[in-house]
Protein chains: 2
Amino acid sequence: MKAIVLFSGGLDSTTCLSLAINKYGADNVLALTVYYGQKHKKEIEAAKKIVEYYHCHYQELNLKPLFENSKCSLLEGQASIPHESYDKQIKETNGNPVSTYVPFRNGLFLSVAASIAISSGCHEIYYGAHQDDAAGNAYPDTSKEFNQAINQAIYLGSGNKVEVIAPFINKTKKDVVKLGLELKVPYELTWSCYEGHDLACGKCGTCIDRKKAFLANNVKDPIPYEDESL
Amino acid sequence: MKAIVLFSGGLDSTTCLSLAINKYGADNVLALTVYYGQKHKKEIEAAKKIVEYYHCHYQELNLKPLFENSKCSLLEGQASIPHESYDKQIKETNGNPVSTYVPFRNGLFLSVAASIAISSGCHEIYYGAHQDDAAGNAYPDTSKEFNQAINQAIYLGSGNKVEVIAPFINKTKKDVVKLGLELKVPYELTWSCYEGHDLACGKCGTCIDRKKAFLANNVKDPIPYEDESL
C-alpha cells in the first residue's frame, strides 16, 4: 500500500481518491471512510459504490463515540442544517466556524490515517481540503496554515515516515471539478448534500457550492437536485 | 471544564494530571484514558484509582480498532516487550522508534482530545511528554519539534480555541518525579510497567527509567518490583 485517502464519498474526496489512484494504481490505495454520527448514511453508501467502481482498498471506521458532546449540525440529534450559502453563514458566525464544522475533523481523521499508515507501511495521506472551505474561517481545519502544521506534526511524529498531501489546498472547488472532469471522476456516484433525502436538497451550503462549481466549468452536475435553481 | 489531560495512569501523565488539578481544581479537569488494545489493563485500573483519589472528571475511550494492523509490542498478540534499557534499545533500532512505540499515539490522542475539547469548551490539553522519551527518536511523537507542530495544528484547526500544554517537554523524568513529589502525587497508585504481572517487572525500559528517576531524587519508589536491582 502506498497511500491512504480520507474519503467521504463527496465531490472533493472522490476527486482526491481518483488523483491518488491515477498516481499509484487502485491496488496501492486505501480509501478510509469515517462514520462519526452523521444524520444520514448517504455519503457512506456513495463511498461504497465509488470504491466498487475503482476497485481500491476500503476501510470504514466508527468514531461516533468521540463526538457525543458535539453540537455540530451534521450530527444526529442536533440542530437543523442551514439552507443558505457559506458566504451568508460566514457573515452570521462572525469569524467562527460554521455550524456544520465537525470539531477538528480533518486533524483527527488525518491523525487516525497517520497511525494506520505507519502500521501498514503507507507513506502518504491524501485529503481534499480546498481554499473555498477555508474562506472566512468556515472550516479552520482546511486552511493552508493548518495543513502545513498537521503535515509537520505527522511527519515528525511518525519518525519522518508519513507525509500529508493536500492537492487542492491552493485550488477552488471550481478547479477541483475541472481536474475531476479531466480524470473522469464518476461524479454521478458521489453525494455531497448535508441532508439525507432521496435527492440532494440543492439548498444547503455544500449543494450550492457544488452546483456553482459545475456551472463555472460549463458542465451540468450529473446528479439531480430537489431544487435545481442557484 | 478548563483542561483535558491525556491520562494513562502512569508516572508522567499522573504528574501532569496533578499539575492541571493544582492549577484549575479537580472540577475543571477531565482525565482522558484510551484503551488501544494493550496486553493488560493494569494501567487503566491504576487510572481509575487515581481519578477516585483526585475526584476529577474521567472519560475512557476504546480506540483498539484503529491499531489492528500495528506490530507494536505493547499490543495484545504481538511480540514480547524488550527487557532492556532504552539506551540499549535505541542502539539496536538505529534511529527508528522502539518496539513499544504506538504508531502516532500522542498525535492521535491529542487530536481526539482536541475534538472533545472543542465540543466541551475546554481551552487546554495537557500531556506528559518529556525529553527522555524523545531521546534517540525512541518515541518521535514526544519531541519538542513534534509538540510545536501539533500544538500549532490544533490551535489553527480548532479556530484558535484550543492549546496543547506539554509542561515536561524540557524536563527529564528525574525532573518530573521531583515536581511530582512536591505536588504529593500518589505514586503508589500509578502503574508504569509494560508487563501485566502482579508486581511491576523492574526490567522493561519504562521500569528501569522509573527506578532511576526516583533514585536520582534520593527517594524510594513506593511501588514494589519483581526485580528491584538497577
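Reader: Which strands of chain A does helix α4 lie across, and at about what angle to β1(A) does it run?

Author: Helices (H or I, at least four residues) and strands (E, at least two) are DSSP runs, numbered from the N terminus; residues are in contact if their C-beta atoms, placed from the backbone, lie within 7 Å. Axes are lines fitted to C-alpha atoms, for helices over the stretch in contact, and angles run from 0 to 180 degrees between N-to-C directions. Here helix α4 of chain A, residues 105–120, lies across β1 (3–6), β2 (29–35), β3, β4 and β5, at about 160 degrees to β1(A). This is a predicted model, where local features need pLDDT of at least 70, side-chain atom pairs count only at pLDDT 80 or more, and totals for chains, interfaces and linings use all residues. Residues are numbered from 1 along each chain as its sequence is written, while chains are lettered from A and ligands numbered from 1 in the order in which they are written.

Reader: In what order do the five strands of chain A stand?

Author: Two strands pair if DSSP finds at least two bridges between them. The open sheet of chain A has the order β3-β2-β1-β4-β5, with parallel pairing. Because β3 (57–62) and β5 (163–165) of chain A each have a single partner strand, one side of each is left without a neighbour in the sheet. On average, neighbouring strands of this sheet are turned by 25 degrees against each other, direction ignored.

Reader: How many bridges join β4 and β5 of chain A?

Author: Strand β4 (residues 124–126) pairs with β5(A) in the parallel sense over three bridges, and A:Ile125 stands opposite A:Val164 in β5(A).

How values were computed: Contact = placed C-beta atoms within 7 Å.
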